[in-house]
Amino acid sequence: MTESSRADRFVQELADLKIPDPAAGHGALWLRAGVTLLVLGPVVAVLAYLMSHNTSDALVQRDALTIALAGVALSIVGAALFLRYSLTGVLRYWMARQSYDLALLADRLPDRAGEEYDEVGVPQR
């Protein structure tokens with residue numbers, strides 16, 4: 001079995017399962033956007049904190065509070081995006097590994113096409 005035939009078989013199995021090709025998607029872009037938002041959120045919150053402490057105007061302090069809450073929201077959205085797309089990559093790798101292991105195991109089993117099975121699936125001798 002060559003590498004290309006195994007890869008071709010895996011691509012065919014993915015096509016049969018109707019799983020989209022990860023290279024065609026925007027997963028990496030969303031992952032980078034999540035990391036960016038995850039970093040940008042605390043920066044915005046710290047800037048809002050500094051803005052609120054450098055003034056005695058209550059209106060500016062309330063604006064800073066709103067900006068800080070927006071920073072927290074950005075962090076939460078960034079964390080959700082990062083988790084979603086990083087877990088997708090890990091699970092996709094895990095599924096490919098499982099598929100490969102099961103195919104390898106199936107190749108090792110002897111051919112038992114002619115055997116008959118009882119009600120619980122045990123081959124009859």
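This is a predicted model: local features need pLDDT of at least 70, side-chain atom pairs count only at pLDDT 80 or more; totals for chains, interfaces and linings use all residues.
Modeller: Residues are numbered from 1 along each chain as its sequence is written, and side-chain values use heavy atoms, with hydrogens and water left out.

Colleague: Why is Gly34 called buried?

Modeller: Gly34 sits in helix H2, residues 27-53. Helices are DSSP runs of H or I, at least four residues, numbered from the N terminus. Buried means under 20% relative accessible area, exposed over 50%, partly exposed in between (1.4 Å probe, protein chains only). Gly34 has 0%, so Gly34 is buried.

Colleague: What is Gly34 in contact with, beyond its neighbours within four places in sequence?

Modeller: Gly78, Leu81 and Phe82. Contact means heavy atoms within 4.5 Å. Gly78 and Leu81 are among the buried residues of H3.

Colleague: And Asp63: why is that residue called partly exposed?

Modeller: Asp63 lies in helix H3, residues 58-108. Its relative accessible area is 47%, so Asp63 counts as partly exposed.

Colleague: What makes H2 and H3 roughly antiparallel?

Modeller: They pack at an angle of about 160°, with axes 7 Å apart. Axes are lines fitted to C-alpha atoms, over the stretch in contact, and angles run from 0 to 180 degrees between N-to-C directions. Angles over 145 degrees count as roughly antiparallel. Therefore H2 and H3 are roughly antiparallel.

Note on methods: Helices (H or I, at least four residues) and strands (E, at least two) are DSSP runs, numbered from the N terminus. Angles under 35 degrees count as roughly parallel, over 145 as roughly antiparallel, 65 to 115 as roughly perpendicular and the rest as oblique.
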